[in-house]
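Subject: Structure handover: aromatic pairs

Hello,

Here is the structure I promised you. Please open it alongside this note; what I found follows below.

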Amino acid sequence: MDSTASYTLAEPGGAVRPARRRPRHQEQQMPDHLPTVTQFASPDLIHAIVYGGRDQGDDPRWPESGAPDADTYRRWCGHMCGIACLRMALLARTGTAPTLFELLDGARRYGAYTEDEDTGTIRGMIYAPAAVYPATELGLQADVHPELSMPDLLDLLDAGRLVMASVHKEIRRPDRPAPGKGGHLVLVTHRQGDTLHFRNPSGDSDRTRTARLHTATFAGFFAGRGMSLD
């Protein structure tokens with residue numbers, strides 16, 4: 001889940017650094033064998049969780065997420081799309097990464113997730129503090145883009161950046177009309193012409209987890225905001 005609020009900037013002084021840019025259409029390649037990280041510990045259970053009503057905490061592989069217990073996993077796994085994207089970015093850049101819940105703990109220290117004291121409602125990922133955390137502790141530069149057009153997204157990819165993009169969760173069923181835009185995060189890794197390659201932490205099949213879509217189709221789900229990573 002992504003948050004549209006609190007778009008303060010990730011750099012002191014209130015200015016977003018422009019991404020290092022290379023000439024447009026100099027396409028970057030990202031190997032399709034890059035590990036795909038899902039926000040749920042068992043990828044083969046995602047379809048049953050998101051469409052079949054299965055309890056998202058009923059996952060025998062929950063310890064692999066790094067959660068301290070099953071109840072904590074149940075409470076947070078549905079909010080971990082951004083954390084899964086961050087873990088994939090770290091694996092792409094360094095080959096290693098902390099567990100999902102270790103990353104979540106770090107992000108929470110910086111205020112990337114908040115909990116309502118009265119209702120317990122979880123809010124996040126909030127981009128600005130989520131960008132400060134990896135830059136400060138993980139050696140991964142992150143820039144917030146509260147307004148991100150499709151041409152700008154392509155420019156970031158051409159500059160060699162990974163882009164955490166806000167899309168509707170139903171992007172896993174792109175053959176259907178998009179029911180909305182935003183609310184879920186995917187990691188766009190590269191493009192080939194007008195085809196975007198991305199990893200979806202809540203994809204319910206191999207094809208929708210390591211996915212590719214034409215830019216026009218992607219745009220129907222894309223909320224025009226996100227965060228780039230390098």
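Phe198, Phe218 and Phe222 form one aromatic cluster. This is a predicted model, so local features need pLDDT of at least 70, side-chain atom pairs count only at pLDDT 80 or more, and totals for chains, interfaces and linings use all residues. Residues are numbered from 1 along each chain as its sequence is written, and side-chain values use heavy atoms, with hydrogens and water left out.

The structure holds 4 aromatic pairs. Rings of Phe, Tyr and Trp (its six-membered ring) pair if their centres lie within 6.5 Å; planes under 30 degrees apart are stacked, over 60 edge-to-face, and the rest tilted.

One of the pairs is Trp76 with Tyr113. Their rings sit edge-to-face, 5.7 Å centre to centre, with 85° between the planes. The pair links distant parts of the chain, 37 residues apart. Trp76 is in helix α2 (residues 70-76) and Tyr113 in strand β1 (residues 113-115). Helices (H or I, at least four residues) and strands (E, at least two) are DSSP runs, numbered from the N terminus.

Are these two residues buried or exposed? Trp76 is buried, at 3% relative accessible area. Tyr113 is buried too, at 5%. Buried means under 20% relative accessible area, exposed over 50%, and partly exposed in between (1.4 Å probe, protein chains only).

Next, Tyr110 and Tyr133. Their ring centres are 5.6 Å apart and their planes at 40°, so the pair is tilted. Tyr110 lies in the loop between α4 (100-109) and β1, and Tyr133 in helix α5 (residues 127-138), so the pair ties together parts 23 residues apart in sequence. Tyr110 is partly exposed, at 27%. Tyr133 is buried, at 4%.

Best wishes
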